[in-house]
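Here are my comments on the model you sent. Please read them with the structure open.

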Amino acid sequence: MSGAGDAFRPEWIGALDALKPKVPVLVVYHRRDSCLQYADIEEAARWHALIIVDDPNLPRVNRNSRRDCGPGSGHQFAGKEKWVYQAVADWIKTGKLPATN
């Protein structure tokens, strides 16, 4: 889900926890996503299967980073799209997370 910041708002997470989803939830996150930083999703993501993507060719992110959510950014898994698609498909088929990217 692109633009997932809203999906991890505390009141929504509380509602989701109350529903106790009966299906597995997969969170895919790019370590260099300046649009949605890991600190913003860490609490919710730890309860679900998590794939973390990284690409050292993209700039490191910190709280002062310019928000870049557009094409070519970590938010859109730039340069790692095929790997992400395959990892998600494999997880759906097998329930197993990839070792690394």
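1. **The disulfide.** In this predicted model, Cys35 and Cys69 are joined by a disulfide, with an S to S distance of 1.8 Å. The structure holds 1 disulfide. The torsion about the S-S bond of Cys35 and Cys69 is about 90°, so the bridge is right-handed.

2. **What the bridge ties together.** Cys35 sits in the loop between strand E1 (26-30) and helix H2 (38-45). Cys69 sits in the loop between strand E2 (49-53) and helix H3 (81-94). The pair therefore links parts that are 34 residues apart in sequence.

3. Cys69 is at 29% and counts as partly exposed.

4. **Phe77.** Please look at the backbone here. Phi of Phe77 is near 60°. That is a positive value, and the residue is not a glycine. Phe77 lies in the loop between E2 and H3. Cys69 is in the loop between E2 and H3 as well. With a relative accessible area of 18%, Phe77 is buried, because the limit is under 20%.

5. **The second largest pocket.** How much space lies in the second largest pocket? The value is about 160 Å³. Its lining includes Tyr29, Arg31, Arg32, Asp33, Gln37 and Tyr38. Ile52, Arg60, Val61 and Asn62 also line this pocket. By class, the lining has 4 nonpolar, 4 charged and 2 polar residues.

6. **Secondary structure.** The protein has 3 helices and 2 strands. Along the sequence they follow the pattern α-β-α-β-α.

7. **Surface and burial overall.** The protein has 101 residues, and 29% of them count as buried. The accessible surface of the protein comes to about 6900 Å². Carbon and sulfur atoms account for 55% of that surface.

Definitions and conventions: Residues numbered from 1 in each chain as written. Predicted model: local features only at pLDDT ≥ 70, side-chain atom pairs only at ≥ 80, totals over all residues. Heavy atoms only, no water. 1 Å grid on protein atoms, 1.4 Å probe; cavity = no way out; pocket = protein on both sides within 12 Å on 5 of 7 lines; lining within 4 Å. Points joined across faces, edges and corners; volume = space filled by probe spheres on them. Nonpolar A, V, L, I, M, F, W, Y, C, P; charged D, E, K, R; others polar. Helix = DSSP H or I, 4+ residues; strand = E, 2+ residues; numbered from the N terminus. Buried < 20%, exposed > 50% of the residue type's maximum accessible area, 1.4 Å probe, protein only. Areas by Shrake-Rupley, 256 points an atom, 1.4 Å probe, with all protein chains shown as cover. Disulfide = S-S within 2.5 Å.
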